[in-house]
Every structure is written in C-alpha cells, then in structure tokens.
Amino acid sequence: MTSDLEKALLTGFLDKNIISDEALQPKLLLNDHDRGEKILSSILNSLDACDEFWFSTAFVTSSGIACIHNKLRELERKGVNGKILVSQYLNF
C-alpha cells in the first residue's frame, strides 16, 4: 500500500496526474513579488506545522539564520527536534 507521502512524491516528481495531498507534494520555493510569495514565509509556515525538521543547504549567512532564529527557539521550547546541515556548494 502506498503511503500519502509516497503518493505526493510520485505526483511531484513522476506524474502530475496522480491524485495526492497537495500539502505533502514537493514545491519549488522562490520569491515571487507579483504573487506575494516569499521563501521565508514558506519556511516559517512549514516550521509552524512540523513535528520535526531537517534543512540541507549550501551557503548560510548570519542574516539568514537571524530570520528564523526566533522560530527555532519557539520550536525548541515546544520540544520539536531538528537538524540543519550546511555545506559548501561543491562539497554538498
């Protein structure tokens, strides 16, 4: 039996016609000022809804961490565990 997450991954990566939970489907995040979409808002909304998180990224700046610092503290107080893996682009 295929799980909800598996179906969503199949929809996102293999066949858009497979019916699955849109909230679980992978999404390309980008800043789109015309649509009022911001990557930071998407990240903060996802963190609000999570019970655990993992970030894997190349390049992180102090200002980037500062933007999510308060949310990470809030998650810590709630007992939500997470990891952030940071690497240089070519060593990722």
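1. Buried means under 20% relative accessible area, exposed means over 50%, and partly exposed is what lies in between. By that cut-off leucine 14 is exposed, because its relative accessibility is 69%. The model is a predicted one, and the points that follow should be read as descriptions of that model.

2. Where does leucine 14 lie? Leucine 14 is in the loop that runs between α1 (4-13) and α2 (39-49). Leucine 14 also belongs to a nonpolar surface patch, together with Leu5, Leu9, Leu10, Phe13 and Leu24. The accessible area of these residues together is about 590 Å².

3. Threonine 11 belongs to helix α1. Threonine 11 counts as buried because its relative accessible area is 9%, under the 20% limit. Setting aside residues up to four places away in sequence, threonine 11 touches Lys16, Ile18, Ile19, Ser20 and Gln25. With one of these residues, serine 20, there is a polar contact between side chains, at 2.7 Å.

4. Serine 20, the partner in that polar contact, is placed in the loop between α1 and α2. Which residues does serine 20 touch, not counting residues up to four places away in sequence? They are Lys7, Ala8, Thr11 and Gln25.

5. How many aromatic pairs does the structure hold? There is one aromatic pair in the structure. Phenylalanine 53 and phenylalanine 55 make up this pair, with 5.7 Å from centre to centre and 55 degrees between the planes, and the pair is classed as tilted. Phenylalanine 53 is buried, at 12% relative accessibility, whereas phenylalanine 55 is partly exposed, with a relative accessible area of 23%.

6. Phenylalanine 59 deserves a separate point. Its phi is positive, about 70 degrees, although the residue is not a glycine. Phenylalanine 59 lies in the loop between β1 (52-58) and α3 (62-78). Is phenylalanine 59 buried or exposed? Phenylalanine 59 is exposed, because its relative accessible area is 59% and the limit is over 50%.

7. Which residues are in contact with phenylalanine 59, leaving aside its neighbours within four places in sequence? The contacts are with Val86, Ser87 and Tyr89. Between phenylalanine 59 and tyrosine 89 the separation in sequence is 30 residues, and their C-alpha atoms are 6.9 Å apart in space.

8. Next, the charged pairs. Four salt bridges are found when the whole structure is searched. One of them joins aspartate 48 to lysine 71, with 2.4 Å between the closest N and O atoms. Aspartate 48 is in helix α2 and lysine 71 is in helix α3, so this pair ties together parts that are 23 residues apart in sequence. Aspartate 48 is partly exposed, with a relative accessible area of 41%, but lysine 71 is buried, at 12%.

9. Another salt bridge joins glutamate 74 and lysine 78, the closest N and O atoms being 3.4 Å apart. Both residues are in helix α3, four residues apart, which is about one turn of the helix. Glutamate 74 is partly exposed, with a relative accessible area of 25%, and lysine 78 is exposed, at 54%. Which residues are linked in a network of salt bridges? The network links Asp48, Lys71, Glu74 and Lys78.

10. Glutamate 76 and arginine 73 also form a salt bridge, with the closest N and O atoms 3.1 Å apart. These two are three residues apart in helix α3, so about one helical turn separates them. Glutamate 76 is exposed, with a relative accessible area of 51%. Arginine 73, at 40% relative accessibility, is partly exposed.

Definitions and conventions
Residues are numbered from 1 along each chain as its sequence is written. This is a predicted model: local features need pLDDT of at least 70, side-chain atom pairs count only at pLDDT 80 or more; totals for chains, interfaces and linings use all residues. Side-chain values use heavy atoms; hydrogens and water are left out. Patches are made of residues with over 30% relative accessible area and no salt bridge: like charges are joined within 9 Å, nonpolar side chains (Val, Leu, Ile, Met, Phe, Trp, Tyr) within 5 Å. Accessible areas come from the Shrake-Rupley method with a 1.4 Å probe; for residues, only the protein chains shown count as cover. A salt bridge is a side-chain nitrogen of Lys or Arg within 4 Å of a carboxyl oxygen of Asp or Glu. Buried means under 20% relative accessible area, exposed over 50%, partly exposed in between (1.4 Å probe, protein chains only). A polar contact is a pair of N or O atoms within 3.5 Å; within protein, one must be able to donate a hydrogen and the other to accept it, and residues adjacent in sequence count only if both atoms are side-chain atoms. Contact means heavy atoms within 4.5 Å. Rings of Phe, Tyr and Trp (its six-membered ring) pair if their centres lie within 6.5 Å; planes under 30 degrees apart count as stacked, over 60 as edge-to-face and the rest as tilted.
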